[in-house]
Every structure is written in structure tokens, then in C-alpha cells.
Amino acid sequence: MKKRIVIALGGNALGSTPEEQLQLVKNTAKSIVDLVEKGNKVIVTHGNGPQVGMINLAMEVSHEEIDSPEMPFAECGAMSQGYIGYHLQQSIQRELVRRKINRDCLTVVTQVEVDKNDPAFKNPTKPIGKFYTKEEALKIEKEKGYIMKEDAGRGYRRVVASPKPIKIVEINTIKHLLDKGNIIIACGGGGIPVVKERGGYRGVDAVIDKDRTSSRLACSLQADIFLVLTAVDEVSINYNEEDEQKIREMTIKEAKEFIKDKEFAEGSMLPKVEACIDFASYTKKGYAMITSLKKAASALEGKTGTIIRK
């Protein structure tokens, strides 16, 4: 049966440089087109944490060294949506041609409304950009006034606010394009965060969690499946311990109990499970699933993956 599927791509599906990304998205495209080939309507979202941070840093260096115009953070987010979407479009289009599938693929540069009074603006937590040593991070804090935090034992990164998504501004356009049979790439990096003002919207310095926005998108589109792709085939409890246990299916109640027991790492599996809970709580007919990119098709056939439902 043909489904409407929202796919949230994890960072492992993208690269840290344009060259690396072009290579990685070739495999990403194959997995996406596998689902398209079965007749499903597919919409793709993606992260942009490393990319938007690097764009922002490059713009700052350019401003300092050659006096180019300052570039607001929201505009850097729009740039990351454009170039990541471009790479995904190219790879998906090539795979469609290779399989002789007549479908169009396009990127919607997407704004997402947030609350200007969201408490997240007073407690930045979202890592962006490259990793630094502790000494480098302290120097950056002193020189630029950024907030730097240690990230999962891998080093220090700049953090910005991560407000909750309220509304996807271009949702009607996305619905129309999807209904016409197009493959859509939207809400990249969680969307460009904007606050509502009289007469329109204004961009703000923040990164919305990609999985939360993807869940909001799946709800707005009344998707059948919200598919979160990450580095593992299935969600585990007691992760990386001797008694690690893989979970094939859990109810919303069970997932919340696991969260209460701190089974899922913050900034890693936790936001993915929380986003799946949000969708599962909303949907009447669908379900959420977490699995790896390479196992996406087999997961939808019930062979692997972790399902979260009512």
C-alpha cells in the first residue's frame, strides 16, 4: 500500500565538507528512491548543525578580514538549506534517471515560526559548527562572546538557542507540491527560525531541533509514517553495555518510561524518541519509526527498526 512518508535524515547521511557530502548523499539518494520506487509520496528533512556553523564562521572571518557585509545567522541557515538541498536534489535526480522513474525533486527553503519568548533563548543548548579543544573554546568565548559547551566527549562547540517549532510557514506550498507527486526536500536544519511581527516574519539567531520540526511537518501533512534515520538499525536500552537490549517496538507510555530512566542520550537519541512520541500521540492511523539509512526499506517491511506507536 502506498504511503505518505516524512524522512528525517541524520547527520551521518551528510558530510562536513561539500566534497564529502556529495559522496555520502549518493547512498542517501538510493535509499530514498527505493521508497519512491514503491509508489510512496516522500518528503525529506535534514540537519545542518555542522554546515550552518561553518557558513557562519566563514562569513565572520570574511567580515573581519576583508570587511565584507555581516551576515545574520538566519541567512546562514537559509544558505545551508540551499546547498544541502541542491546536493540531495542532484543525487536523487540522478538515481531517478538511472531507474527510469519520471518524478521531479525540489527543495523548499522553509521558514519555521518560533516564540520570541521561548525560554530556550535564555539557555542556549544546540551545538553548531566544528569541534574545538577546551583551550580553543575558552579563547573563542573571550574573543567573540559565544557560549561554548562540551559535546558528547568529542570536544567543544558553539551553542545557540533551540526554540520549539510552532508553525511551518510554507506548509501549504509543501502540501501542494507533494500532492502533485514531487519529491520534496524541506525544513532543512529544522527550518529557518522566524518570529511573527506585524506584516510578516523576522529571522532570529537559533537552530530549531530538526527532529521536532520534522515531527511537526509529519503531523501537518497527516503522514502515514514518520521515519527517523540515524546511525543504528534499532533503538537500544542499556546502550553499549553488556546487557544492551534492542527494542523493536514500544508504546508511547513505554518510551516515556525509558526517557524517565535516562536510557536515551541528550543531543543524540533522546530528541529522536521525543519527536516520535509527538507524532505517535497526534496520528490516528500512522506510526513513527527509527532505523538506519541503509535499512530504511527493510524496516518498512517489518524486518528491522524500532516502531513507536500509541
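## Sheets, strands and helix packing

Welcome to a quick tour, which starts with a sheet: 4 strands make up an open sheet of mixed pairing, in the order S8-S4-S10-S11. Its edges are strand S8 (167–168) and strand S11 (200–203), each with a single partner strand, so one side of each is left without a neighbour in the sheet. Strands are said to pair if DSSP finds at least two bridges between them, and the elements themselves are DSSP runs numbered from the N terminus, helices being H or I of at least four residues and strands E of at least two.

Please keep in mind that this is a predicted model, in which local features need pLDDT of at least 70 and side-chain atom pairs count only at pLDDT 80 or more, while totals for chains, interfaces and linings use all residues. Residues are numbered from 1 along each chain as its sequence is written, and side-chain values use heavy atoms, with hydrogens and water left out.

**The mixed sheet**

- Strand S4 (residues 111–113) runs antiparallel to S8, and 2 bridges join them.
- Across this pair, Glu113 stands opposite Lys167 in S8.

- Strand S1 (residues 4–9) is mostly covered, with 6 of its 6 residues buried; buried means under 20% relative accessible area, exposed over 50% and partly exposed in between, for a 1.4 Å probe and protein chains only.
- In a regular strand, side chains alternate between the two faces of the sheet.
- Both faces of S1 are covered, with Arg4, Val6 and Ala8 buried on one side and Ile5, Ile7 and Leu9 buried on the other.
- S1 runs parallel to strand S2 (residues 41–46), joined by 6 bridges, and Ile5 has Val42 in S2 as its bridge partner.
- S1 also pairs with strand S12 (residues 225–230), in the parallel sense over 5 bridges; here Ala8 has Val228 as its bridge partner.

- An open sheet of 3 strands has the order S5-S7-S6 and antiparallel pairing.
- Strand S5 (126–132) and strand S6 (147–150) stand at its edges with a single partner strand each, so one side of each has no neighbour in the sheet.
- From one strand to the next, the twist averages 40 degrees.
- S6 and strand S7 (residues 156–160) pair in the antiparallel sense over 4 bridges, and the bridge partner of Lys149 is Arg157 in S7.
- Helix H2 (residues 49–66) packs on this sheet, touching S5 and S7, and its direction makes about 70 degrees with that of S5.

**Helix pairs**

- Two packed helices are described by the angle between their axes and the distance between the axes; axes are lines fitted to C-alpha atoms, for helices over the stretch in contact, and angles run from 0 to 180 degrees between N-to-C directions.
- Helix H1 (residues 18–37) packs with helix H3 (residues 73–98) at about 50 degrees, their axes 8 Å apart, and that makes H1 oblique to H3.
- Under 35 degrees counts as roughly parallel, over 145 as roughly antiparallel, 65 to 115 as roughly perpendicular and the rest as oblique.
- The H1 and H3 crossing is right-handed, meaning that the near helix is turned clockwise from the far one by less than a right angle; anticlockwise is left-handed.
- Helix H6 (residues 210–220) and helix H8 (residues 269–282) pack at about 15 degrees with axes 8 Å apart, and are therefore roughly parallel to each other.
- The crossing of H6 and H8 is right-handed.

Notes
Contact means heavy atoms within 4.5 Å.
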